[in-house]
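Hi,

Here is the structure I promised to pass on. Have a look at it first, and then read my notes below.

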Amino acid sequence: MTTRRFPDDFLFGAATAAYQIEGAAFEDGRTASIWDAFARVPGAVIGGDNGDIACDHYRRYGDDVALMKSLGLQTYRFSTSWSRVRPDGGAVNQAGVDFYSRLVDELLGAGILPWLTLYHWDMPQALQENGGWTSRDIVDRFLEYAGTMHDALGDRVNVWTTLNEPWCSSFLSYTGGEHAPGHTSIAEGLLAAHHQLLAHGETIRELRGRDANLNLGITLNHTVADPADPQNPADVDAARRVDGQFNRWFLDPIYRGEYPADIIEDLRAVDADAVAQFEVAVRDGDLETISQRIDTQGVNYYHGDLLSGTAPEHPPVSGAPRTERKGRSPYPSDAGIHAVERGLARTAQNWEIQPEGLTRLLRRLSDDYTAERGVTLYVTENGAAFDDVVAEDGQVHDEDRVEYVRAHLAAVLDAADAGVDVRGFFYWSLMDNFEWAWGYDKRFGIVRVDYDTQKRTVKDSGREYARIIAARSL
């Protein structure tokens, strides 16, 4: 077998998010986030689950950091909770700030680089009641929160990520209705996306002004949109519209200071009033702010899409959570876009397993956006849910996940070999957790969590990841 080595500066990590693991949802001054509210809407989350306890990381963070160290993790990507730090979007809650200060100290003491994300979807519910991301005022509130975190942690945390997956927290949340706050408005999705990008740009500007040595960036989730028949104009157009609404809607403003004109016209044909509201919201100077220079882009990748302009006779099984609430497509322009089955293996969520798509994605991002601007890429989320079984020996022998990790790390190496500046990989997730609308129905972790006892058990995939890290090779 051929051994493939990772570059000396390549970082191996794992990722989590505050609402998904912390618990202590209403303790020490924390108040409700939009996910606390949404999880209590009947039928919004499978099993009626919520994040009140989750993995109890708020109390168990010390043991969890020790577990990270035992796995050999070099870096840990986590988010801070807006609702814990500035409850209801108001005054600073020192108890919440102190928790993250203790966590950072614990990580540094274990030799683990803190990789901080400011927003992983837990906006205070009180701010949502005033419009949330659809209101321009939210930008100032976010900037206050970001400043609070930098005041507290800027002496010890060097890597700052503004937003995680704004496509999810705008279109999936305000247009598709699958995520909090669960709205189904095209106009709201467009406004939410713009105000999130504006908050990103303002925060980059503010933090850069405070400390020019900070590593600043954003994390975007991406798909690879392929036409089922590259010679069929309808299939090519379906792939163009998915790529434009999922990828380019965020990449183009950040890197080029413009929204994709073809998609704006597509959307105008669907809902001219929504586009008019969006165009009024984009004020002079906004795109200059959004396109502030960044150092790092996080890349979240799970699978791509094979798309057709014609409905297939046998459509693939949906990978969306089967909740009781009725939503709509998160793509405002969705007519004539159809997913096509291609016979790939799938995870327990019916998500396709497509590692070569990660290689192509990284090459495309480098070629079209990041290389000429000196931006470094990191795979900040990649992972899979499988139906884990605890064996008689008390262990989880998750061979599917072992192979998943190996295949996607190989795909990253393929991109690096092709000249892409990609310097790290974070497995999603460190441990089983609250998986948004899926609740606790699906498990992504390389560490199993028994939600009744909170016992952590490293799975075979965790041991294999630790072995790869120690060897720095596949």
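A definition before anything else: axes are lines fitted to C-alpha atoms, for helices over the stretch in contact, and angles run from 0 to 180 degrees between N-to-C directions. Helices (H or I, at least four residues) and strands (E, at least two) are DSSP runs, numbered from the N terminus.

Now the background. This is a predicted model, in which local features need pLDDT of at least 70 and side-chain atom pairs count only at pLDDT 80 or more, while totals for chains, interfaces and linings use all residues. Residues are numbered from 1 along each chain as its sequence is written, and side-chain values use heavy atoms, with hydrogens and water left out.

**The barrel**

Eight strands close into a barrel, in the order 1-2-3-4-5-7-10-11, with parallel pairing. (Two strands pair if DSSP finds at least two bridges between them.) From one strand to the next, the twist averages 25°.

Helix 15 (residues 399-417) packs on this sheet and touches strand 1 (11-15), strand 7 (296-301), strand 10 (376-382) and strand 11 (422-428). The direction of helix 15 makes about 165° with that of strand 11. Contact, by the way, means heavy atoms within 4.5 Å. Helix 16 (residues 460-471) lies across strand 1 and strand 11, and runs at about 155° to strand 1.

Strand 2 (residues 75-79) is joined to strand 3 by five bridges, and the two run parallel; here S79 stands opposite T117 in strand 3. Strand 3 (residues 113-119) is in turn joined to strand 4 by four bridges, again parallel, and T117 has T161 in strand 4 as its bridge partner. Four bridges then join strand 4 to strand 5 (residues 215-222), also parallel, with W160 opposite L216 in strand 5.

Is strand 4 (residues 159-164) buried or exposed? Six of its six residues are buried, so strand 4 is largely enclosed by the rest of the structure. Buried means under 20% relative accessible area, exposed over 50%, and partly exposed in between (1.4 Å probe, protein chains only).

Strand 8 (residues 305-308) and strand 9 run antiparallel and are joined by two bridges; the partner of L307 in strand 9 is A339.

**Helix pairs**

Two packed helices are described by the angle between their axes and the distance between the axes. Helix 8 (residues 166-175) and helix 10 pack at about 125°, and their axes are 11 Å apart. That makes helix 8 oblique to helix 10. (Angles under 35 degrees count as roughly parallel, over 145 as roughly antiparallel, 65 to 115 as roughly perpendicular and the rest as oblique.) In this pair, P166, W167, S170 and F171 of helix 8 meet Q245, F246, W249 and F250 of helix 10.

Helix 5 (residues 94-109) packs against helix 7 (residues 137-153) at an angle of about 45°, with the axes 10 Å apart. Helix 5 and helix 7 are therefore oblique to each other too. V97, Y100, S101 and V104 from helix 5 meet T148, M149, A152 and L153 from helix 7.

**A few single residues**

S101 sits in helix 5 and is buried, at 17% relative accessible area. Leaving aside its neighbours within four places in sequence, S101 is in contact with L153 and R156. S70, in helix 3 (residues 57-71), counts as exposed at 53% relative accessibility.

How many disulfides does a search of the whole structure find? The search finds zero, a disulfide being a pair of cysteine sulfur atoms within 2.5 Å. For C55, the nearest cysteine sulfur is that of C168, 19 Å away, which is too far for a bond. C55 is buried, with a relative accessible area of 0%, and C168 counts as buried as well, at 6%.

Cheers
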